[in-house]
Amino acid sequence: MATPAAAIPGTERHSFLRKWADSRAVTDRLFEIVQPQALYDRPIPERHRIVFYIGHLEAFDWNLLAPVLGLESRQPDLDRLFAFGIDPVGGGLPTDQPSDWPRMEEVRRYATGVRQALDARLNKHGLDVTDSVRLHVALEHRLMHAETLAYMFHQLALDRKVAQPGSRALAAPSVKPRMIEIPAGKATLGRPRPRPGEETAESFGWDNEFEAHTVDVPPFAIDAYNVTNGQFLDFMRAGGYGERSLWTEADWDWVRSEGVSHPRFWVEKAGHWHYRNMFAEEPLSLDWPAYVSQAEASAYARWVGRRLPTEAEFHRAAYDSPAGEREYPWGAEPPAERYGNFDFRHWNPVPVGSSPAGRSAAGVEDLVGNGWEWTSSVFEPFPGFQPYSFYPGYSANFFDGKHYVMKGGSSRTAACMLRRSFRNWFQPHYPFVYAAFRCVT
C-alpha cells in the first residue's frame, strides 16, 4: 500500500497516535477496577454485559478504519458480535447469559490482534487526509465510552470492584443560591462545516454538531449554581416524589411503575442518606450537585416554580460576553484543572462553586464539568444536518423525540469534548448519568 499523495502530515498523524494511545490507556485502566469474576456482570439491566465493551472498543475501531486501510478481517464473527451497543427505547431488557459470550481469553486475543494490526498500518502509512475524520471519530468514541463505562461501573456492587486512590476532597466554598439575569440576544448553535479535504482536529465535530446557525433568545434568569443535593433533599422531604402535579404523565407513570423515590446515587442507611461513590458509600454531601434524571430535574423545577433551560439558553448563559461568544465559559484558553472538574481527575463531584475561574462572563458557574446539565430541548438535527456516510446512525437513530440534549460535561468527560458545540443526549428516565441541572425563569 503506497503512501497516499494527500496523506495527513506526519506531525498531525503522530499527534493523533499519541492521543489515541492515551485514550486506550484511560479505558484499559478503567477495566482494571472490575474484579475478574465480575467481567460477565451486567451492572445496568438495559445494557450489555461488561465483557461486550472489552471487545466493542476494538471492534468499533476495526470496523471504522480497516476498510480504508485495506486490512482484511481475520475474525468477522467477532467484528459483528462486538459492533453495536444497546439503546433500550421501547424494547425489553436483554436476556443473554454469560455462557452466550466468548471466553475472556478469546476476547482479549481479539482485542490485542485488532490493536496490533491497526497500529502497524497506521504507523507505516497513516490515512489519506480525506479520511482523517475517521481518526477523530475513533478517538472520541473511545473517550465517550471512558465516561459511559464509569456510569456502568458505578452501579457495580462495591465488592466486585478494585478500589482506586481517591482524589483530594475539596472544602465547600461559601456560596448562596441566586439567579442571574441574562438579557435577550443571539446564540450560535453548532459549528461551521469544514470543506472536504480541510478537516483538522480543530474543525472536527460529530454529525449533530453541524451546521452553525444563530437563534434569537428572549431574556431569562438562570441559577448561578447547579441545584445541590441539599436543595433536592428539601424537595424530597416536601413529598415531591408523591405530588402528581409536578410530573408529566409519562414521568409520573415511570415514578409509579419503577417505585422511584430518590436519586439513583443515594442510599438510605439507618435513617440517614448516603451517597454511593464509585468505591464507597459515604454520608450525603449536601453541597455537591444533585445527579438525577431529566424527569426528576423537571419535577424539582416545577416545585420551585421554574423550568429547565433550553439548549440555546444554556449557550447564552455559558458563552456570551460583551466581546462576542466565547469558545469556553471562561474564554479562549484550553481546558485546565482550575476551570472545572473534568478530564478524569476526580471520580466524584466537587462542591458547587469550587471553580470560580471557570465562571462565564455573566457570572454563571460550573457550566463545564462536575456534571452534564439537562436541558428541556429535545435532541433534534440542526438545519443542514448530514450524517457521516460511514456512521449514518450515530445521531439519526436518536432523533425520535425521546432523548433530551445535555450540555457541559462531567468529571469523567475528556477535555476534547468540552467544545462549545458538543451535544450529549439521554432519555428522560435514565438515572445512571452524571447529570446535574439548574433552573431558569
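Buried means under 20% relative accessible area, exposed means over 50%, and partly exposed is the range in between. Those cut-offs sort the residues discussed below. The model is predicted.

## Salt bridges

The structure holds 22 salt bridges. Side chains of opposite charge can pair when their charged atoms come close.

| Pair | N to O distance |
|---|---|
| Glu-58 and Arg-115 | 3.1 Å |
| Arg-103 and Glu-105 | 3.7 Å |
| Asp-223 and Arg-306 | 3.4 Å |

Take Asp-223 and Arg-306. Their side chains meet in a salt bridge. Asp-223 lies in strand β4 (residues 220-223), while Arg-306 sits in the loop between α8 (294-303) and α9 (311-319), so the pair ties together parts that are 83 residues apart in sequence. Asp-223 has 9% relative accessibility, so it counts as buried. Arg-306 has 31% relative accessibility and counts as partly exposed.

Glu-58 and Arg-115 also form a salt bridge, at 3.1 Å from N to O. This pair links distant parts of the chain, 57 residues apart: Glu-58 belongs to helix α2 (residues 50-69) and Arg-115 to helix α4 (residues 104-125). Glu-58 is buried, with a relative accessible area of 2%. Arg-115 is buried too, at 19%. The cut-off for buried is under 20%.

The pair has partners. Asp-28, Glu-58, Asp-61, Arg-115 and Arg-142 are linked in a network of salt bridges.

Arg-103 and Glu-105 pair in a salt bridge, with their closest N and O atoms 3.7 Å apart. Arg-103 is exposed, at 60% relative accessibility. Glu-105 is partly exposed, at 44%.

## Helix α9

How many residues of α9 are buried? The count is nine of nine, and the helix is mostly covered. The buried residues are Glu-311, Ala-312, Glu-313, Phe-314, His-315, Arg-316, Ala-317, Ala-318 and Tyr-319. Charged side chains are among them, including Glu-311, Glu-313 and Arg-316.

What do the buried residues of α9 pack against? Their partners are strands: β1 (179-182), β2 (185-189), β3 (213-217), β4, β8 (372-378) and β9 (404-407).

## Pockets

Rolling a probe the size of a water molecule over the atoms shows where empty space is left.

The largest pocket has a volume of about 1,100 Å³. It is lined by 39 residues, and those closest to its centre are His-141, His-145, Tyr-391, Tyr-394 and Phe-398. Four elements each supply at least two lining residues: α2, α5 (132-154), α10 (393-396) and β10 (424-426). Helix α5 gives the largest share, nine residues. By class, the lining of the largest pocket has 23 nonpolar, eleven polar and five charged residues.

The second largest pocket holds about 780 Å³ of space. Of its 31 lining residues, Lys-19, Leu-139, Glu-140, Ala-415 and Cys-416 are the closest to the centre. Helices α1 (10-31) and α5 each supply at least two residues of this lining. Here α1 gives the most, with nine residues. The lining of the second largest pocket divides into 16 nonpolar, four polar and eleven charged residues.

Which elements contribute at least two residues to the second largest pocket? They are α1 and α5. Helix α5 also supplies the largest share of the lining of the largest pocket.

## The cavity

The structure holds one cavity of 30 Å³ or more. The largest cavity has a volume of about 50 Å³. Its lining consists of Tyr-319, Val-368, Trp-372, Lys-407, Gly-408, Met-417, Leu-418, Arg-419, Arg-420 and Phe-422. By class, that lining has six nonpolar, one polar and three charged residues.

Arg-237 is placed in helix α6 (residues 229-237). Is Arg-237 buried or exposed? With a relative accessible area of 65%, Arg-237 is exposed. The cut-off for exposed is over 50%. Arg-237 and Cys-439 stand 202 residues apart in sequence, and their C-alpha atoms are 19 Å apart in space.

Conventions
Residues numbered from 1 in each chain as written. Predicted model: local features only at pLDDT ≥ 70, side-chain atom pairs only at ≥ 80, totals over all residues. Heavy atoms only, no water. Salt bridge = Lys/Arg side-chain N within 4 Å of Asp/Glu carboxyl O. Buried < 20%, exposed > 50% of the residue type's maximum accessible area, 1.4 Å probe, protein only. 1 Å grid on protein atoms, 1.4 Å probe; cavity = no way out; pocket = protein on both sides within 12 Å on 5 of 7 lines; lining within 4 Å. Points joined across faces, edges and corners; volume = space filled by probe spheres on them. Contact = heavy atoms within 4.5 Å.
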